[in-house]
Amino acid sequence: MHSRSTPRGAIVTREASLALLEFKTLVDSTAEKIRAAEREAVGFAIGHRHGGDPLRALRVVAEALKSPDFEAALLQARSKTDTAVAWHSGEQGQQEELCS
């Protein structure tokens, strides 16, 4: 039983990892957008008004954080991680029973 369950544990853990990486990609992209907004705000503050619009850049960030893709990626990462935790918790209980 243990030999068959080990590959499944690796699979559910890998799925959780991939889901989290997908979410991280969206977070990293959004973080880059907020850094751009920050640069534009600093430029505006020191008198370089010919650059971008900090408000527009911030709105882009706010919309990205509210996007269905962002929400879906977060929910997927949570779900896949919860599944992996539940699976490994179940296997751990099975292994303890086998050792008893």
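Tutor: A nonpolar core is a set of buried Ala, Val, Leu, Ile, Met, Phe, Trp, Tyr and Cys residues joined through side-chain atoms within 4.5 Å. Buried means under 20% relative accessible area, with a 1.4 Å probe and protein chains only. The model is predicted, with local features needing pLDDT of at least 70 and side-chain atom pairs pLDDT 80 or more, while totals for chains, interfaces and linings use all residues. Residues are numbered from 1 along each chain, and side-chain values use heavy atoms, without hydrogens and water.

Student: Which residues make up the largest nonpolar core?

Tutor: Five residues do: Ala19, Phe23, Phe70, Ala73 and Ala77.

Student: How many helices and strands does the protein have?

Tutor: Helices (H or I, at least four residues) and strands (E, at least two) are DSSP runs, numbered from the N terminus. Here there are three helices and zero strands.

Student: What does Phe70 touch?

Tutor: A contact means heavy atoms within 4.5 Å. Leaving out residues up to four places away in sequence, Phe70 touches Phe23, Leu26, Val27, Thr30, Ala64 and Leu65.

Student: What share of the protein is buried?

Tutor: Of its 100 residues, 18% count as buried.

Methods
Buried means under 20% relative accessible area, exposed over 50%, partly exposed in between (1.4 Å probe, protein chains only).
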